[in-house]
Amino acid sequence: MEQQKRYGHFDDQHREYVITDPQTPWPWINYLGNEDFFSLISNTAGGYSFYKDAKFRRITRYRYNNVPMDNGGRYFYIKDGDTVWNPGWKPCKTPLDFYECRHGMSYTRVTGRKNGVEASVLFFVPLKKWAEVQKLTLTNQSNEVKNLKLFSFEEWCLWNAATDMENFQRNFSTGEVEIEGSTIYHKTEYRERRNHYAFYHVNTPIQGFDTDRETFVGLYNEFADPQVVIEGKPRNSHAHGWSPIASHYIEVTLQPGESKDFVFLLGYIENEQDKKFSAPQVINKDKAHALIAELDTTQKVDQAFAELCQYWDALLNIYNVRTGNDKLDRMVNIWNQYQCMVTFNFSRSASFFESGIGRGMGFRDSNQDLVGFVHQIPSRARQRIIDIASTQFPDGGCYHQYQPLTKRGNNDIGGGFNDDPCWLIFGTVAYIKETGDFSILDEMVPFDNQPGSEVTLFEHLKISMDHVINNLGPHMLPLIGRADWNDCLNLNCFSWDPNESFQTTENVSEGTKAESLMIAGLFVVTGKDYVALCQKLGKTQEAERMQKAIDAMIEAVKKHGWDGEWYLRAYDFYGNKIGSNECDEAKIFIESQGWCTMAEIGAQEGMVAKSLDSCKKYLECEHGMVLNNPAFTKYIYEYGEISSYPEGYKENAGIFCHNNPWVIIGECLAGRGNDAWSHYAKILPSYVEEKYQTLHKVEPYVNCQMVAGKDAFKPGEGKNSWLTGTAAWMWYTVSEFILGIKPDYDGIRIDPCLPETASDYTVNRKFRDAEYEITIHPNGAQKGVKAITLDGQLVDGTVIPYSAGKHVVEVTM
Ligand code: BGC
């Protein structure tokens, strides 16, 4: 294999990924902030900040898909004689004597050295604060006195990230700022309906500033050579309209060996309506002053940083494994869990592939993200479930997305994705199993956020199941609606008009026969969960009613959903088979193999084993399993968006990492540990990191949504990193099915499925008020627990009964 260039490496001890070359094949980013105030930051300090909602409350401006790539961010310009440089290399791109970016758990540290000066910036959002701290440390490592000129830079976004990019006839006249001491305030539209403003502060007196972009950068200059920096002199510009920015100017003298800290703070404030102004036209700055006072010294900032680190220590101590395989341990103990938090926070809204404008929180996406996150902070998961369920309609259908700021369903996309309701069961059951908190089912939750429409959450689950049953097609399989999990399988769309959205267009649905085997499998899996829940609640009749529906679905799949070697994918509008050996292209799809094997439909008849074998035979390649095979080579009008993609990309035979774990779980349930592991390792970032840094392109420490498949121009190239259901599914798969530690209503079920080569391993698992140290002795078995002891006592069955306190568990396979 060709040796690929490496741009960095893992530092497990610090839970960091260390980037040693700024010119990564794509910006490698990190997320700052855990609740409310968030930032995206690349390895060259590009990116932006927002409050809650990347669309409606964007604080700083960012230019997506620009030239050069990754343009806009928090930039420090250091002018040392005639040399101007940035600690993160960009935007000046002055060659550095040393560069390093350490992405850690909710923080990033960028360090650059040039001509005997070191500049190290620690970026993070303190817990519970609406602000990004940028602690810059300048150190003179030379033998001479250094007289440096330091310019900071942030560019304000005019709040609504969408109109900020298009409504220039207005925007160029609305921008307003105020300057007070070392703080620059951004208050565009504050005079009218907004009650929020932002500020950029530094904890030292400044010798000048700029707030007007044109003055600072120069109309025909660039971020790489701002006029003011080149001249070495601020202009003290006061922005009126055009594009407001914030730049501090500080003169710094450093003796040999001397080091100085500067705490920059990017903050966001909301004022009560009647307390907006302190004088006509002057914003009330009380809250800003208070926030600044909390973070205006190195000591306070270091304390806040220590608290953030403790917070992550605690979160990552809930599930911790020691297998002796570093690559596995670092993903399970650090990066996979970290990515789960990020996907929980952002769903699919803001990344370097998601502009923060197009999509809010997805109904199905957020429910899946919950499964990766619920063990971390169950109370936040609880609230999320209620927020999601509040966007449901009385018939069980639901909005496909909602906005995080307003929590209202997104009308642009609407509903009609018939898999959506089932996911609510998936998310809620995971929450109850983790916490034992059945009271969530009694919460009163509205429909479409309408006050007065509230019913219990349990009722929402019931109508979710009913929505499937009430929408069955001619084969008694679920009607697909606009699409199922695969947003691009639009079987009622029929579009020849490029101006139509595949997702929202349903040109014909009357008389449709379009049915989904993916939803059928999903219904059986979540239905079994629902039935078990009903039994637990003593709702025997409801359990029986649903069991009948599940049995009928299983029969329908066996009868109409089996193609001989694998499960069909769907029936189209006309009732023709999709994903069948009879088709010219795309004969087999992964989604129905995943869900129907997870549902174990036809296991006794050999269907599950055959389906899993077919995945290996037809879908698997070097980089994972493709979504369908062979790829579509032409646009098929009656299939919608799926065939609009070139071969091997995205939903047309890309490796959609999200759905690989479905098959892996199918393998685990079937007890095929070797196969489960080999599929898993193929898409495990730490394995990819070792082999394919250049080819893979995107961040090597997290999963991406898609890796180009075997039919692609460039197989193995990754795209859409960070915000993908892959995170939660990888977590669910490895923690519960491979390592086999599965929360259940009454305790923890132990049921690993491992490769034969697995050695003994230990999992420390905090669960409710208990802490278990579980050691597994696989003894070469792939599956099958022989004996479990809990604190030395033999346990009956495979569930360790829950009881508070510390426990030691030994498992022999
Ligand atoms: C969406 C998911 C969808 C998947 C497959 C993702 O971009 O966020 O909701 O299931 O694509 O189409």
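Predicted model: local features only at pLDDT ≥ 70, side-chain atom pairs only at ≥ 80, totals over all residues.
Gathered around the ligand are R348, R359, R364, D365, W485, N486, D487, E651, F656 and Q705. Sorted by class, this shell comes out as 6 charged, 2 polar and 2 nonpolar residues. Some of these neighbours can be looked at atom by atom. R364 has a polar side-chain atom 2.7 Å from a ligand oxygen, and for R359 the corresponding distance to an oxygen atom of the ligand is 3.1 Å.

Next come the helices, taken two at a time. Helix 12 covers residues 517-536 and helix 13 covers residues 540-560. Their axes come within 9 Å of each other, and the crossing angle is roughly 155°. Angles over 145 degrees count as roughly antiparallel, so helix 12 and helix 13 are roughly antiparallel to each other. The handedness of the crossing between helix 12 and helix 13 is left-handed.

A second pair is made up of helix 9 (residues 378-389) and helix 10 (residues 420-435). Here the axes come within 10 Å, again with a crossing at roughly 155°. That angle is why helix 9 and helix 10 are described as roughly antiparallel. Where helix 9 passes helix 10, the crossing is left-handed.

The backbone has some details worth a look as well, starting with two cis peptide bonds. One of them runs from V67 to P68, and its omega is near -5°. P68 belongs to the loop that links strand 6 (58-60) and strand 7 (75-80). Another cis peptide bond leads from N629 to P630, with omega near -15°. This proline, P630, sits in the loop between strand 33 (628-629) and strand 34 (655-656).

Finally, there is N236 to consider. N236 is not a glycine, yet its phi is positive, at about 55°. On the chain, N236 is found in the loop running between helix 4 (227-231) and strand 18 (244-254).

Notes
Residues numbered from 1 in each chain as written. Heavy atoms only, no water. Near = heavy atom within 4 Å. Polar contact = N/O pair within 3.5 Å; in protein donor to acceptor, adjacent residues only side chain to side chain. Nonpolar A, V, L, I, M, F, W, Y, C, P; charged D, E, K, R; others polar. Axes fitted to C-alpha atoms, helices over the stretch in contact; angles between N-to-C directions. Helix = DSSP H or I, 4+ residues; strand = E, 2+ residues; numbered from the N terminus. Parallel < 35°, antiparallel > 145°, perpendicular 65-115°, else oblique. Left-handed = near helix turned anticlockwise from the far one by under 90°.
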